[in-house]
Amino acid sequence: MSKLLWKPGTMIYPLPAVMVTCGAEPSEYNIITISWTGTICTDPAMCYISVRPSRHSYEIIKKNGEFVINLTTKELAYATDWCGVKSGKKHNKFEETGLTPVPASKVKAPLIKESPVNIECIVKEVKELGSHHMFIADVVAINADERYIDKKTGLFRLSDAEPICYSHGIYYLTGNRIGKFGFSVEKKKKRKN
Ligand SMILES: Cc1cc2nc3c(=O)[nH]c(=O)nc-3n(C[C@H](O)[C@H](O)[C@H](O)COP(=O)(O)O)c2cc1C
């Protein structure tokens with residue numbers, strides 16, 4: 001078997017499929033589904049989203065210089081896809097999905113109440129790359145749903161929210177744990193014979 005050589009394209013998968021909220025006031029609120037997103041720095045906490053200028057959300061994010069990344073779950077999968085195929089030009093996405101906008105702490109864009117984690121972002125730089133423009137942003141606050149705090153350990157258990165990911169056109173449910181950070185170098189417990 002040999003490798004097929006394809007022309008350059010977008011093949012880094014799996015990726016998140018997040019719902020990004022924007023808008024400074026309720027009449028402007030919108031939700032756009034984004035997969036071109038990721039963390040780019042730990043300290044200061046920074047991330048990016050890449051958006052096509054033709055999207056309704058593009059001008060809103062550019063004008064206001066802020067947005068919120070809302071993580072998605074199995075329960076939110078339908079709304080995630082819907083917000084990624086319908087435009088705010090024609091639809092009020094909060095009303096039509098039934099998702100609830102709630103105030104953020106540091107930005108005017110709303111959080112999606114039903115999302116387990118909402119990441120408030122302030123745009124630092126816009127890179128006009130080509131088909132997509134990259135909004136490089138500072139993370140200014142994180143909102144984590146109390147429901148997923150383990151009462152015994154106090155740790156946040158994102159896996160309990162049943163996060164989803166996106167891989168080459170398909171949504172997948174995450175969940176089969178196969179290791180934890182550093183497991184490859186952990187010392188094996190000595191066996192008692
Ligand atoms: C899973 C998924 C991922 C997407 N990722 C992106 C993305 O990273 N950037 C982008 O500009 N559009 C992306 N889209 C397309 C937009 O979400 C879609 O065009 C949406 O209708 C735009 O909404 P708006 O016009 O209300 O802003 C994605 C769609 C889906 C379904």
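Let's start at the ligand. One of its oxygen atoms is 2.6 Å from an N or O atom in the side chain of Ser87. That pair qualifies as a polar contact, meaning N or O atoms within 3.5 Å; within protein, one must be able to donate a hydrogen and the other to accept it, and residues adjacent in sequence count only if both atoms are side-chain atoms. Taken alone, the ligand exposes 650 Å², and the protein buries 89% of that (Shrake-Rupley, 1.4 Å probe; for residues, only the protein chains shown count as cover).

A word on the source. This is a predicted model, where local features need pLDDT of at least 70, side-chain atom pairs count only at pLDDT 80 or more, and totals for chains, interfaces and linings use all residues. Residues are numbered from 1 along each chain as its sequence is written, and side-chain values use heavy atoms, with hydrogens and water left out.

Back to the ligand. A polar side-chain atom of Asn30 lies 2.8 Å from a ligand oxygen. A ligand nitrogen is 3.0 Å from a polar backbone atom of Ser35.

Which residues of the shell are closest? They are Thr33, Ser57, Lys86, Ser87 and Gly88, out of 23 surrounding residues (a heavy atom within 4 Å). Strand 2 gives the largest share, four residues.

Now two loop residues. Thr73 is in the loop between strand 5 (66-70) and helix 2 (77-83).

Ser115 is in the loop between strand 7 (111-112) and strand 8 (117-128). Ser115 is buried too, at 1% relative accessibility. A polar atom of the Ser115 side chain lies 3.0 Å from the backbone oxygen of Val117. Not counting residues up to four places away, Ser115 touches Asn70, Leu71 and Leu76.

Last, Arg157, in the loop between strand 9 (133-144) and strand 10 (164-167). Arg157 is partly exposed, at 38%. Its side chain makes a 3.4 Å polar contact with that of Asp150.

Note on methods
Buried means under 20% relative accessible area, exposed over 50%, partly exposed in between (1.4 Å probe, protein chains only). Contact means heavy atoms within 4.5 Å.
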